[in-house]
Amino acid sequence: MKDDLFATAASLAMTRRRLLGFGLMVAGAAAANAVPAFMPMAAAQAGVPPAAQKIADHFSAVKSMTGEFVQFGPKGEQTGGKFFMERPGKIRFNYDGANNFKVISDGESVVLLNKKLQTSDLYPLSKTPLKLLLEDRIDLSGDRVKSVKEEEDLTTIKLSDRQVFGNATITMMFDPKTYELRQWTITDAQGKDTTVMIFNTKEGVSFAPDTFKIDYTANRELNAKKGMR
């Protein structure tokens, strides 16, 4: 995976690397007079704040969701579109723009599809930090928790699984009052960040059966043609 996943939308160079790091550029500020409570890895493992697990449990109970998103890449590039999510393991991003770029997870694999450039890159969901966001339950026990940060207007939970995807991490930011997810972050092994902020969300929705379908035959055919060039 030598190429970058999400490059500037105007260049249409949406290639491989950055989905496997949906990451954070913006660190979510606390209220001016708030004193952040930051729990580093060792302390987080010893005892995750009950409020943080309650937030994670609330988000885990959201079995389906749709809405709009804005994504900020490592170089500040901005794209957006609509997203669809269904637990466990399913998500779809339809990006705005003429390139008709899509990211789809069917619960097993993640495909990055650019119909204009005729590219289709496939990865196991289990090897991406996105897996932690889409699990049936976001479990904050054990050594997955890298840090928990509680502020007046934001609770930030950072997870990793070094044995599965190395140094990559996912950082989720929640509203501590409504427990709603505001944005998430994946930082890849090279430290490159991409922020996904979501809004106008609706929970408990139903989707067409093919919403999260990956056309594996088309993926093989596109990559076979690419290999012949």
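Lys-149 forms a salt bridge with Glu-151, their closest N and O atoms being 3.8 Å apart; a salt bridge here is a side-chain nitrogen of Lys or Arg within 4 Å of a carboxyl oxygen of Asp or Glu. Glu-151 is buried, with a relative accessible area of 11%.

I kept in mind that this is a predicted model, in which local features need pLDDT of at least 70 and side-chain atom pairs count only at pLDDT 80 or more, while totals for chains, interfaces and linings use all residues. Residues are numbered from 1 along each chain as its sequence is written, and side-chain values use heavy atoms, with hydrogens and water left out.

I then went through other salt bridges, of which the structure holds seven. Lys-63 pairs with Asp-136, the closest N and O atoms being 3.6 Å apart, and this pair links distant parts of the chain, since Lys-63 sits in the loop between α2 and β2 (64-72) and Asp-136 in the loop between α3 (130-134) and β8, 73 residues apart. For the element names I used DSSP runs numbered from the N terminus, with helices (H or I) of at least four residues and strands (E) of at least two. Lys-63 is partly exposed at 41%, and Asp-136 is also in that class at 43%. Arg-182 and Asp-175 meet in a salt bridge at 3.2 Å, N to O; Arg-182 is partly exposed, with a relative accessible area of 33%, whereas Asp-175 is buried at 16%. I also noted a network of salt bridges that links Lys-131, Glu-135 and Arg-144.

Next I checked helix α2 (residues 50-60), where Ala-52, Gln-53, Ile-55, Ala-56, Phe-59 and Ser-60 are buried. Seen down the axis of α2, these buried residues fall within an arc of 155°, so they line one face of the helix; the arc is that of the directions from the helix axis to the C-beta atoms.

Last, I looked up Leu-154, which lies in the loop between β8 (145-150) and β9 (155-160). Leu-154 counts as buried, at 3% relative accessibility. Leu-154 and Leu-181 are 27 residues apart in sequence, and their C-alpha atoms are 9.9 Å apart in space.

How values were computed: Buried means under 20% relative accessible area, exposed over 50%, partly exposed in between (1.4 Å probe, protein chains only).
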